[in-house]
Amino acid sequence: MTAHHLRGGWVIWTSVLVALLLSITPLPQALNAFRPLWVALVFIYWSLFLPHRVSMVAAFIFGVLLDVMVNSLLGQNSLVLVLTVYFSLLFQHKIRPQPILRQTIMISVILILGQLIQLWINVLTGIYPSNFSIFDYIFPIITSAIIWPWLAAALRALRIRMGIN
């Protein structure tokens, strides 16, 4: 009988918690629109490279936490994160072996879908700031795409160093 030990679960959830904290870290007002989609990026990474360790239930739970932390409609970020993880898991075999530039483009498409759902929910509920701008939905995708290669490299190094399987 072989024992299959899953190692490093605490590292995965700590990285998601750090992403949650980065999502609420105060930024100057001018930079706030450029805040990367940290939680989505971290969930995408773990669902691409360790799909057996990340679930849509976890994405839902962390989405509710994010909803509470950013004071958004309860379930809004949960829905987006669950769909983000779903699409990441669905296309993991196509995204993972690609060079980093193609990965970035494919992940950007997933993030665009997430931002469109955010926009759709905000328009349906009428809950959006008075100074609404479409760029509030576009800039986070751009900065997330710029950050993805470095975030993926950092999480990969962490995964290898900690022996997470």
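Reply: A crossing is left-handed if the near helix is turned anticlockwise from the far one by less than a right angle, and right-handed if clockwise. Helices (H or I, at least four residues) and strands (E, at least two) are DSSP runs, numbered from the N terminus. This is a predicted model, where local features need pLDDT of at least 70, side-chain atom pairs count only at pLDDT 80 or more, and totals for chains, interfaces and linings use all residues. Residues are numbered from 1 along each chain as its sequence is written, and side-chain values use heavy atoms, with hydrogens and water left out.

Me: Ok, which way do α1 and α3 cross, left-handed or right-handed?

Reply: The α1 and α3 crossing is right-handed.

Me: At what angle do the axes of α1 and α3 cross?

Reply: Roughly 160 degrees, and the axes of α1 (residues 9-24) and α3 (residues 38-49) come within 8 Å. Axes are lines fitted to C-alpha atoms, for helices over the stretch in contact, and angles run from 0 to 180 degrees between N-to-C directions. The angle makes α1 roughly antiparallel to α3 (under 35 degrees counts as roughly parallel, over 145 as roughly antiparallel, 65 to 115 as roughly perpendicular and the rest as oblique).

Me: Which residues in α1 and α3 meet?

Reply: From α1, they include Trp13, Val16 and Leu20, and from α3, Val42, Phe43 and Trp46 are among them. Contact means heavy atoms within 4.5 Å. The residues of this contact divide into eleven nonpolar, two polar and no charged. Ala, Val, Leu, Ile, Met, Phe, Trp, Tyr, Cys and Pro count as nonpolar, Asp, Glu, Lys and Arg as charged, and the others, Gly among them, as polar.

Me: And what about α4 with α5, at what angle do they pack?

Reply: About 145 degrees, with the axes of α4 (residues 56-70) and α5 (residues 76-90) 7 Å apart. The α4 and α5 crossing is right-handed. Phe60 and Asp67 in α4 are among the residues that meet α5, whose side includes Leu81 and Tyr86. The residues of the α4 contact with α5 divide into eleven nonpolar, four polar and one charged.

Me: Zooming out, how many helices and strands are in the chain?

Reply: Eight helices and zero strands.

Me: What does the C-alpha trace span?

Reply: About 60 × 30 × 30 Å along the principal axes of the chain.

Me: Last one, how much of residues 104-125 is helix?

Reply: That span is 100% helix, and its end C-alpha atoms are 31 Å apart. Residues 37-62 are 73% helix, with end C-alpha atoms 13 Å apart.
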